[in-house]
Amino acid sequence: MIINDATAAAAERLEICFSGQDIDWTKFYQPKDESQAMGTRYQLIYSALGLFVVLKRDPSQADKLRPQLDTIYRGLFDDRSWKYWYAPWQKERTWPLQKGNLTYAGRLATFIGFYIDAFGEPPADRIELDGKSTTYSDLSRNLWKQASESPSCGVSCFDNVSMLQCNAHMLINNVLHDRLFKTNFSAANADWLESVEGNLLVGKETGSMFYYGTQPNSAEANIESRAIGTDIWALFLMSGVVPEKASDWFESWQRHVIYEGDVAYVQVGEREAEKESSTNELATAWAYCLAKELGQTDRAEQLRRYLAPRAVKGFEIDPYTTGLFLMGEHLKKGVFYELVNVSHDSLK
């Protein structure tokens, strides 16, 4: 298989993982800590996001991709996707979709929102988890309500701390739910974005662009929480809601891209891989997606030259990085923004 087969290799890898009734977990990176940024829920959600973008570009693939998305949905209810919420160190003892836990609840909500938009119905009538159930609309309203009542104007993940990358999913889901069910949740998006610009922008020319977490029960930044890989992850997600801001921030963030001839990649911080926060491959895949989304063709092609041979072989953090690479292959300017903001009626 040669470099031009990278797209097909990525699609085949995801199909191997998700084409059966049950997920092939042997193909998954095994995280040291499921609560961290390489946990199973991330690997599932961002594989799915790649498939939703493929579907947006080519609705004729609905019959092929819907069963894979159904398998991913079932995987989101496997213990490995959410049971970290009951870990001994975790202070919360609530139902996993009741309060906080945006790291799981927000991503589950956006998955279901994209699914409803694509197929006209949710993957299941009710969300059944750990002996309780809810609906997509009730989950979305609960997240919106938590943000509206929070000092940070965002939803917390753990210990009343609101995270930049997770609240990007809240922004997306507020827009999705409004479009699907004629609510006005996205009116609250401006408040979280004000917290981001007023408190989480670092304002320095070295290191990460953002502090990715707030102080507990506060909009003030935890100045210890900085990561280059988290920056680019959040920037791509925010491009689906505020593309102009994401584009401006991306230009400043370019200092983290290393150019070697006609190849480019992202250099993350020394401890990010060790802490299961990000890797060079993962951050480069996010940057590739953002460059494609913003129509930056030359930059995207340089990033792709780093990723494509690795897509053929398989990435270290898979299927997560494969899902991102496949998404980048199918993006063009504004497609992710359209996925969030424009109805997908052609599949219904």
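**Close-up views of a predicted model**

**View 1. The largest pocket and its lining.** Helix α9 gives the most to the lining of the largest pocket, with three residues. The model shown here and in the other views is predicted. The volume of this largest pocket is about 720 Å³. Its lining is made up of 32 residues, and those closest to the pocket centre are Gln36, Met163, Tyr212, Lys275 and Ser277. Two or more lining residues come from each of α2 (40–57), β3 (156–158), α7 (164–181) and α9 (228–238). Sorted by class, the lining of the largest pocket holds 12 nonpolar, 12 polar and eight charged residues.

**View 2. The second largest pocket.** This pocket has a volume of about 210 Å³. Of its 13 lining residues, Gln146, Ser150, Ser156, Asn160 and Asn217 are the closest to the centre. The lining of the second largest pocket consists of nine polar, two nonpolar and two charged residues.

**View 3. The largest cavity.** A search of the whole structure gives one cavity of 30 Å³ or more. The space inside the largest cavity is about 50 Å³. Rolling a probe the size of a water molecule over the atoms shows where empty space is left. The lining of the largest cavity is formed by Ile45, Tyr46, Leu49, Phe52, Thr110, Phe111, Phe114 and His169. The elements that contribute two or more residues to this lining are α2 and α5 (102–119). Helix α2 has the largest share of the cavity lining, with four residues. By class, six residues of the cavity lining are nonpolar and two are polar, with no charged residue. Helix α2 is also among the elements that give two or more residues to the lining of the largest pocket.

View 4. Ser162 belongs to strand β4, which covers residues 161–162. Ser162 counts as buried because its relative accessibility is 2%, and the cut-off for buried is under 20%. The side chain of Ser162 makes a polar contact with the side chain of Ser152 at 2.8 Å. The Ser162 side chain also reaches the backbone oxygen of Val155, at 3.4 Å. With neighbours within four places in sequence left aside, the residues in contact with Ser162 are Ser152, Gly154, Val155, Ser156, Asn167, Trp192, Tyr212, Gly213 and Thr214. Among these contacts of Ser162 is Tyr212, which is also one of the residues closest to the centre of the largest pocket.

**View 5. The hairpin of β5 and β6.** Strands β5 (residues 257–260) and β6 (residues 263–266) pair in the antiparallel sense, over four bridges. Glu260 stands opposite Val263, which is in β6. Two residues lie between the strands of this hairpin, and Gly261 takes a positive phi near 65°.

View 6. Glu270 is placed in the loop between β6 and α11 (280–293). Glu270 counts as exposed because its relative accessibility is 82%, and the cut-off for exposed is over 50%. Along the chain, Glu270 and Ala227 are 43 residues apart, while their C-alpha atoms are separated by 9.8 Å.

Technical notes: Residues are numbered from 1 along each chain as its sequence is written. This is a predicted model: local features need pLDDT of at least 70, side-chain atom pairs count only at pLDDT 80 or more; totals for chains, interfaces and linings use all residues. Side-chain values use heavy atoms; hydrogens and water are left out. Buried means under 20% relative accessible area, exposed over 50%, partly exposed in between (1.4 Å probe, protein chains only). A polar contact is a pair of N or O atoms within 3.5 Å; within protein, one must be able to donate a hydrogen and the other to accept it, and residues adjacent in sequence count only if both atoms are side-chain atoms. Contact means heavy atoms within 4.5 Å. On a 1 Å grid over the protein atoms alone, a cavity is a set of points where a 1.4 Å probe fits but cannot get out, and a pocket is an open set with protein on both sides within 12 Å along at least five of seven lines; lining residues have an atom within 4 Å of a point. Grid points are joined across faces, edges and corners, and a volume is the space filled by probe spheres set on the points. Ala, Val, Leu, Ile, Met, Phe, Trp, Tyr, Cys and Pro count as nonpolar, Asp, Glu, Lys and Arg as charged, and the others, Gly among them, as polar. Two strands pair if DSSP finds at least two bridges between them.
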